[in-house]
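Let's take a walk through a protein model, one piece at a time. Keep the structure open beside you as you read.

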Amino acid sequence: MNKKAQVIRYLSFDFIAAAASWILFYIYRKQYIEPQYFGTEVPLEFTSRFYLGLLIIPALWILFYYLWGYYSNIYRKSRLLELGQTFLSSLIGVVVIFFTLILDDYIGSYKNYYQLFFTLFALHFGLTYTFRLIQTSRIIHRIHTRKFGFNTLLIGGNEKALQTYKELSTQVRPAGFRFVGFLTINESDYSPLEEFLPRLGTLKNFPEVTEKYQLEEVIIAIESSQHDLLTGILTSLQNRTLTIWGIPDLFDLLSGNAKTNAIYSSPLFKISNGIMPAWQIHMKRLIDVVFSVIAIILFLPVYLVISICIKLDSKGPVLYKQERIGRFGIPFTIYKFRTMVDKAEPHGPELSAHNDSRITPIGQFLRRTHLDEIPQFYNVIKGEMSLVGPRPERKFFIDQIVKRAPHFTHLHKIRPGITSWGQVKYGYASTVEEMLKRLPYDLVYLKNISLYIDFKILIYTIISCFKGSNPVETGNSRNHT
């Protein structure tokens, strides 16, 4: 099944349910509630206001569901959980509609308010969940009949891995795992799994196997005593868009990130890739885009003034482009105002420091006030960056950091940011050692990420900009021409 088509199907039926419930509710108000106020029948007229509401209200419901996170991970839905989610979201949405649009209705008595509220709720919830139940049941049926599945890789080739494979592949109602093969830890390892699944190599082959087979899920089936090995495997997997599962006795090791899911006869523990609740993830993205669009518009005069100053100050382009590593380790091009002389790195990547002679006079001011960063609002709109997140680094320096702190790659689980907790708490770094000292702050952010924390970081960043503090940043963040 095509994921985009399936999402569109959910969106379409949600829109139809919201529109149909609003039409029926409108008829109910005109035919039953308003006559009690006027003492006579009220003609059923579909005015321009009705048609406007018919367009806007369903669209707002769709936006609400998107922010709620309903359209994420559509192939792993539970009908029971979906019932609770639909009930709660319908209740919240109807309460908002009631207090914004219905309180000023013509009513004969206060009891009409209760009738209006529960009628709208029953119509909206009933129609929405009915359509969703049909769609979700269709997906679950296709999974249980093995017509649809998720490309899955087993890591580990021992008896435990073999047992896991047999249990999952022989279930009467399968959970959707479609095994493409397995990886062993070492090349010399013998595996009883070879009789059932193709051996695709060892852990070092994981990147090419992921791309070749378009992996969606990974099951880690190694001995729980192999702590160091487990840590290394998780570190290599965390910056990828994969659903990761562990076998039961890994739970104690992974409890910080794991959620328990009973998969019929063979329970697995899901090592969630989700850092924030779905509704916060979508709200964070919405805030990023809205704030960035507003900022670009407001900063247009500032862009013009800065561009003129840079041109008058030194030769070279106004904007500086540089490749950075973003979410899931994917490279992207970051944009900044140029703060150094043109061609400031003739011998390759080089860290900058305070009072660096390559920094131009206007560049000193731009760095001190962080105004050189404002073109990155464009990166935010493109989805390559966020307002708040670990600062993106260049691969040249990441390779050096990873040798000493392999867990650095965990930061690639989220979008890099224009500002970060590490930047606020520690300031800019001018050496790899200082980058490593700043790393714990970014890891703390990763484990505590929330909209509340984001707002606090933004506030402190704005204060820092006005104070003109933290003038020195890492070369991979600031060593640009």
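**Helices that meet**

Start with α2 and α9, whose axes come within 6 Å and cross at roughly 115°. Angles from 65 to 115 degrees count as roughly perpendicular, so α2 is roughly perpendicular to α9. Keep in mind that you're looking at a predicted model. Now zoom in on where these two helices touch: on the α2 side you'll find Tyr 66, Leu 67 and Trp 68, and they meet Ala 278, Trp 279, His 282, Met 283 and Leu 286 in α9. Sort the residues of the contact of α2 with α9 by class and you get seven nonpolar, one polar and no charged.

In general, two packed helices are described by the angle between their axes and the distance between the axes. Helix α9 covers residues 278-298 and helix α10 covers residues 300-313; their axes come within 4 Å and cross at roughly 55°. That angle makes α9 and α10 oblique to each other. Ile 296, Ile 297 and Leu 298 of α9 make the contact with Leu 300, Pro 301 and Tyr 303 of α10. Here the residues of the contact of α9 with α10 come out as six nonpolar, no polar and no charged.

Move on to α10 and its packing with helix α11, which is residues 361-369: the angle is about 145°, and the axes are 8 Å apart. From α10, the contact uses Ile 306, Cys 309, Ile 310 and Asp 313, while α11 brings Pro 361, Ile 362 and Leu 366. The tally for the contact of α10 with α11 is six nonpolar, no polar and one charged.

**A pocket to look into**

Let's go back to α2 and look at a pocket. Which helix gives the most to the lining of the second largest pocket? It's α2, with nine residues. Also supplying at least two residues each are α1 (3-38) and α3 (79-102). The second largest pocket has a volume of about 760 Å³ and is lined by 27 residues. Look for Trp 22, Arg 29, Arg 49, Ile 57 and Leu 101, which lie nearest its centre. By class, the lining of the second largest pocket has 16 nonpolar, four polar and seven charged residues.

**A helix and a loop**

Next, find helix α4, residues 111-144. At 1.5 Å a residue, its 34 residues should span 50 Å, and the end C-alpha atoms are 48 Å apart, which agrees. Just after α4, Arg 146 takes a positive phi of about 65°.

Finish at Glu 384, which sits in the loop between α12 (377-382) and β10 (386-388). Its C-alpha atom is separated by 8.7 Å from that of Thr 333, although Glu 384 and Thr 333 are 51 residues apart along the chain. Leaving aside residues up to four places away in sequence, Glu 384 touches Phe 332, Thr 333, Asn 379, Arg 415 and Pro 416.

Key: Residues are numbered from 1 along each chain as its sequence is written. This is a predicted model: local features need pLDDT of at least 70, side-chain atom pairs count only at pLDDT 80 or more; totals for chains, interfaces and linings use all residues. Side-chain values use heavy atoms; hydrogens and water are left out. On a 1 Å grid over the protein atoms alone, a cavity is a set of points where a 1.4 Å probe fits but cannot get out, and a pocket is an open set with protein on both sides within 12 Å along at least five of seven lines; lining residues have an atom within 4 Å of a point. Grid points are joined across faces, edges and corners, and a volume is the space filled by probe spheres set on the points. Ala, Val, Leu, Ile, Met, Phe, Trp, Tyr, Cys and Pro count as nonpolar, Asp, Glu, Lys and Arg as charged, and the others, Gly among them, as polar. The expected span of a helix is 1.5 Å times one less than its number of residues. Axes are lines fitted to C-alpha atoms, for helices over the stretch in contact, and angles run from 0 to 180 degrees between N-to-C directions. Angles under 35 degrees count as roughly parallel, over 145 as roughly antiparallel, 65 to 115 as roughly perpendicular and the rest as oblique. Contact means heavy atoms within 4.5 Å.
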